[in-house]
Amino acid sequence: MHGRVPAVSPEELPERLPEGSLLDVREQEEWDAGHAPGAVHIPMNEIPQRLDEIPEADQLYVICRSGGRSSKVTAYLNAGGWDAVNVDRGMNGWSSVGRPVVADDPDAEPHVL
């Protein structure tokens with residue numbers, strides 16, 4: 001990968017993200033353990049086959065666990081015409097600065113896997 005991928009830290013993200021502006025590219029078991037409220041989930045390896053499901057947002061934020069996978073997806077999407085930005089430090093950074101994490105299972109304690 002050549003060049004720099006646009007990135008933002010969790011601290012720099014707007015307090016309330018617009019609906020459909022956060023794309024989580026982690027695996028299903030990571031998503032199930034805990035994710036950002038309102039995020040759209042498409043695992044990294046499914047992105048090329050599911051491009052029609054990528055949210056149409058003015059600014060698309062892409063997140064994974066620590067920022068590596070989301071950086072690759074950000075570069076891929078930007079090459080395809082999206083305006084995507086990688087979330088540095090991923091869900092680890094997201095949760096460490098106190099942003100909410102939810103799980104789909106109401107009996108589970110949400111956490112970053």
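This is a predicted model: local features need pLDDT of at least 70, side-chain atom pairs count only at pLDDT 80 or more; totals for chains, interfaces and linings use all residues.

Me: How many salt bridges does a search of the whole structure find?

Reply: A salt bridge is a side-chain nitrogen of Lys or Arg within 4 Å of a carboxyl oxygen of Asp or Glu. Here the search finds 6. One of them joins glutamate 46 and arginine 50, whose closest N and O atoms are 2.5 Å apart.

Me: Where in the chain do glutamate 30 and arginine 69 lie?

Reply: Their side chains meet in a salt bridge, at 2.9 Å from N to O. Glutamate 30 belongs to helix α1 and arginine 69 to helix α2, 39 residues apart, so the pair links distant parts of the chain. Together with Arg65, Glu30 and Arg69 are linked in a network of salt bridges.

Me: Is glutamate 30 buried or exposed?

Reply: Buried means under 20% relative accessible area. Glutamate 30 has 6%, so it counts as buried. Arginine 69, at 22%, is partly exposed.

Me: What is threonine 74 in contact with, leaving aside its neighbours within four places in sequence?

Reply: Threonine 74 lies in helix α2 and is buried, with a relative accessible area of 0%. Its contacts beyond those neighbours include Val5, Pro6 and Val62.

Me: Which residues form the negative surface patch?

Reply: Asp and Glu count as negative. The patch is formed by Glu29, Asp32, Asp104, Asp105 and Asp107. Aspartate 107 lies in the segment after α3, and its relative accessibility is 73%, so it counts as exposed.

Terms used: Residues are numbered from 1 along each chain as its sequence is written. Side-chain values use heavy atoms; hydrogens and water are left out. Patches are made of residues with over 30% relative accessible area and no salt bridge: like charges are joined within 9 Å, nonpolar side chains (Val, Leu, Ile, Met, Phe, Trp, Tyr) within 5 Å. Accessible areas come from the Shrake-Rupley method with a 1.4 Å probe; for residues, only the protein chains shown count as cover. The place of a charge is taken as NZ of Lys, CZ of Arg, CG of Asp or CD of Glu. Helices (H or I, at least four residues) and strands (E, at least two) are DSSP runs, numbered from the N terminus. Buried means under 20% relative accessible area, exposed over 50%, partly exposed in between (1.4 Å probe, protein chains only). Contact means heavy atoms within 4.5 Å.
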